[in-house]
Amino acid sequence: MADLSIDFVGIKSPNPFWLASAPPTDKAYNVERAYEAGWGGVVWKTLGEDPAAVNVSSRYSALYDHNGDVSGFNNIELITDRSLEINLREITEVKKRWPDRALVVSLMMPCEEQVWKRILKLVEATGADGVELNFGCPHGMPERGMGAAVGQVPEYVEMVTRWCKQHSKMPVIVKLTPNITDVRLPARAAKSGGADAVSLINTINSITGIDLDAMAARPMVDGKSTHGGYCGPAVKPIALSMTSEIARDPETAGLPISGIGGIGNWKDAAEFIALGAGSVQVCTAAMIYGFNIVEEMKEGLSNWMDSKGYENINDFKGLAVPNTTDWKKLNMNYKVVATIDEDKCIGCGRCYQACEDTSHQAITVTSNDDGTNTFGIIDDNCVGCNLCEITCPVDDCITMDERSEGQPYMNWMEDVRNPHREEA
Amino acid sequence: MNMDNSVNYSQQQLALNQMFKDINPALSARQAGIESSRCYYCYDAPCIKACPSKINIPSFIASIHADDLTGAAKTIYKENIMGGSCARVCPTEILCEQACVRNKEEEKAPVRIGLLQRHATDNAEFEGHPFERAASTGKRIAVVGAGPAGLSCAHRLSLLGNDVEVFEAEDKAGGLNEYGIAKYKLTENFAQKEVDFILSIGGITVHYETALGRDISLDQLKEDFDAVFLSIGLQDTSSLYLDNEDNEMVINSVDYIKELRQATDLEQLDIPKDSAVVIGAGNTAIDIACQLKRLGTEEVTLVYRRGEEQMSATKHEQQIAKNHQVRIKTWSQPESIDVDDNGKVTGMSFRKTYLEDGKLKGGDVQFDVACSAIFKAVGQKMAYPDAEQLIPTISNGKIATFHNQLTSIDGVFAGGDCTGVGQDLTVEAVQQGKLAAIAINEQLNVSITTPLATALSA
């Protein structure tokens, strides 16, 4: 049985699964239910200055997949709408009752040093394991100069991070917004400011859809709406990419990362960890299915680790980072060609339609006497794009087989077809 | 087609409806959404090729999935104006759903095309009729018989700008949809609602209780109209050629089903209480057997002289019979109808059969099945009216058709069960009516033909 426990910037947790700062971690009742279900840690929903924020009614909307399952989730909820006093009291009590679990407190304050100094002392007194700086909230709070309004300016990120490190002994995790052109810049700033870690991604500016009768976006508040923050399975690819950017960046290499974005099962978690994350945070999946999902996540991760011979999280952490590189370093001599397994083919012809209409006309269609069609690959036309494999509904029916012709590795910088190549 | 169920039924009618609830209930919107997502939107889709009326199935399913039920229904009606009843009565298990590529996957679960088609046609809402008639051609066409073939032909002719007069022997239109389909397949008053929907295009006049050979003649129609379409269906039933076959409790299944479909009260039906024997192996045999069970006949035995494999009822239909606890006896041929001294049917005697060199032979074993009623479902035949002078060429007992549903008589076309092509399915009748209409229109209006696509996109 693999050891799932982690020590993330000094914060110990029996497993890498934390609940992200969000509605599920707004109060003691929810957090204790999460611990009871087996979550390794939580990031308490963002505290702010009193008076507490006030939320609107009608807060979430979603994008659904073909089966009606939620593939993307959008919210316009602000930070906690409960008073600082109540939150701090509950955090103290919960940490006392659950000493073995991670409890990180998310914070969002105006950009004034004294304000941050005061709140840090209060949080430290609760016994919480660390703080996460919410520089990412994309809706509502930026209009007041907080959240993403800070995260989008690297200088502010660095400044506030530095204050936090100066005025607190707690580990400081800086939560990054994806609503920025290059996520490496705020990550570098966080590091310069002394951050112990970064967590990413916060939610992405989003409108999940327009109600075409009401002519307004959802969620609708009295006929009007506003953009929200997007999360759930749909954002995972963006989150993984940003995680890899920071993991690969020489300036931030080694900076601990808490991965967030569309994690709903053990595989998602393993992918973030493979790209360098030391802990993962979950929200949407828990909001859709409840806290019990952590059981399958732990079990699945452990079983997979056993099957691979990984004894602990560090054994596979970051293993995919060296394999995530720049386009220009990819091997130009590598070649794959599609192969269709006729025994498995059900004759839907999606591969043909896709290749013929939108790709390289590399698939043939032959009509059979019984009215069915047989599909084949024209090897010379196939560029190995994978489109047919993607459209094929049958597992392992279309495979992309390597047909490299024995030539050595050669990247674009060395390729004679590149007019800007670097001469040897 | 709007499924308005606000019609006021009597208590008796409601009781009957309850007894004949839909055998294949409609999908909910949620179910339809999920089911529609299962369609692979195939290239050169096998389901279209398998559909006798060539409905663009992947297209209408994609429309359902995109919440465009209007578009879905229009795609269906473009090829098959009786898409609503076909969705209910088509043996999809041997047509579109058999062709679905998902049968070749491990789950072997085709997309439930029939139910999706029903979802679209039941729930699409149109302001008026979905299609607009093309400019008038000034041509008039006579259609004989208001069954699926006749209605389909009339509708397409009207769509293309022609005026149509339909002559129907019965007092209602719909043909077998109204009088012959098992009551649990087309429930409530669906057939008439569909007729109203088809006629709402305008340009079609129906003359009821007007029969060929009695009230009208082909000769006269040819004279009065620019073209004639014959869709007179089948009028006669095959015989068992046994003594006592004229006993009142030896019943033609099609007649009984017709009575049942028109009944508003159980009291109107003569229902065998204890036991009945059904002779036959087609869908009509299955239909009558199941309906008798629903009506309360304790023991229903369906007897067929050959084996299950040879039954023309599909496996799916056979399973429906088994689900209704109908006893199926195969390899048994009727020998006598047994009647007591008072002339009451008491049972039937059978002889076991076997195949020898492909020929059916009677064996040594004989057995009796006690019953108080016998329902014949051994096939229907066309009986072209004796009084008619002008008779198209008949081949194998049915009206012979040539290219484009044309008969041997110039200007006279035919389609549906009275012709010899296909398996006498509703959907085939619809297609034949449609093809005849297109051919008639082209023949009559070569110079002024409105391109079909233009008419349909109106």
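Reply: In chain A, strand E10 (residues 197-200) and strand E15 (residues 257-260) are paired in the parallel sense, with three bridges between them. Everything here refers to a predicted model.

The pair belongs to a barrel. Eight strands of chain A close into that barrel, and their order is E3-E4-E7-E8-E9-E10-E15-E16. The pairing in the barrel is parallel. From one strand to the next, the twist averages 25°.

Two loops of chain A each hold a cis proline. The peptide bond between Asp50(A) and Pro51(A) is cis, with omega about -5°. Pro51(A) sits in the loop that runs between strand E4 (41-47) and strand E5 (60-64) of chain A, and E4 is one of the barrel strands. The other bond leads from Arg218(A) to Pro219(A); it is cis as well, with omega near -5°. Pro219(A) is in the loop between strand E13 (216-217) and strand E14 (228-231) of chain A.

Helix H5 (residues 154-167) and helix H6 (residues 184-192) of chain A have axes that come within 7 Å of each other and cross at roughly 25°. Because an angle under 35 degrees counts as roughly parallel, H5(A) is roughly parallel to H6(A). The crossing of H5(A) and H6(A) is right-handed. On the H5(A) side, the contact is made by Pro154(A), Glu155(A), Val157(A), Glu158(A) and Thr161(A). The H6(A) side contributes Leu185(A), Pro186(A), Ala189(A), Ala190(A) and Ser192(A). By class, the contact residues of H5(A) and H6(A) comprise six nonpolar, two polar and two charged.

Next comes the contact between the chains. Chain A supplies 15 residues to it and chain B 13 residues. Helix H11 (residues 350-358) of chain A provides the largest share of the chain A side, namely three residues. The chain A residues that touch chain B are made up of five nonpolar, nine polar and one charged.

Five strands of chain B form an open sheet in the order E6-E13-E7-E8-E9, with parallel pairing. Strand E6 (250-252) and strand E9 (327-329) of chain B are its edges, each pairing on one side only. The twist from one strand to the next averages 25° in this sheet. Within the sheet, strand E7 (residues 275-280) of chain B is joined to E8(B) by five bridges, and the two run parallel. Ser275(B) has Glu299(B) of E8(B) as its bridge partner, and Ile279(B) stands opposite Val303(B) in E8(B). Strand E8 (residues 299-303) of chain B is mostly covered, with four of its five residues buried. Helix H14 (residues 283-295) of chain B lies across E7, E8 and strand E13 (373-377) of chain B, and runs at about 170° to E7(B).

Most residues other than glycine have a negative phi. Gln405(B), however, has a positive phi near 65°. The residue Gln405(B) is in the loop between strand E16 (398-399) and strand E17 (412-414) of chain B. Gln405(B) counts as buried because 29 other C-beta atoms lie within 10 Å, where the cut-off is 20 or more. Asp424(B) is not a glycine either, and its phi is positive at about 60°. The place of Asp424(B) is the loop between E17 and helix H16 (426-444) of chain B. Asp424(B) has 20 other C-beta atoms within 10 Å, so with a cut-off of 20 or more it is buried.

Note on methods. Residues are numbered from 1 along each chain as its sequence is written. Chains are lettered from A and ligands numbered from 1 in the order in which they are written. This is a predicted model: local features need pLDDT of at least 70, side-chain atom pairs count only at pLDDT 80 or more; totals for chains, interfaces and linings use all residues. Axes are lines fitted to C-alpha atoms, for helices over the stretch in contact, and angles run from 0 to 180 degrees between N-to-C directions. Angles under 35 degrees count as roughly parallel, over 145 as roughly antiparallel, 65 to 115 as roughly perpendicular and the rest as oblique. A crossing is left-handed if the near helix is turned anticlockwise from the far one by less than a right angle, and right-handed if clockwise. Two residues are in contact if their C-beta atoms, placed from the backbone, lie within 7 Å. Ala, Val, Leu, Ile, Met, Phe, Trp, Tyr, Cys and Pro count as nonpolar, Asp, Glu, Lys and Arg as charged, and the others, Gly among them, as polar. A residue is buried if 20 or more other C-beta atoms lie within 10 Å of its own, exposed if 12 or fewer, and partly exposed in between; C-beta atoms are placed from the backbone. Two strands pair if DSSP finds at least two bridges between them.
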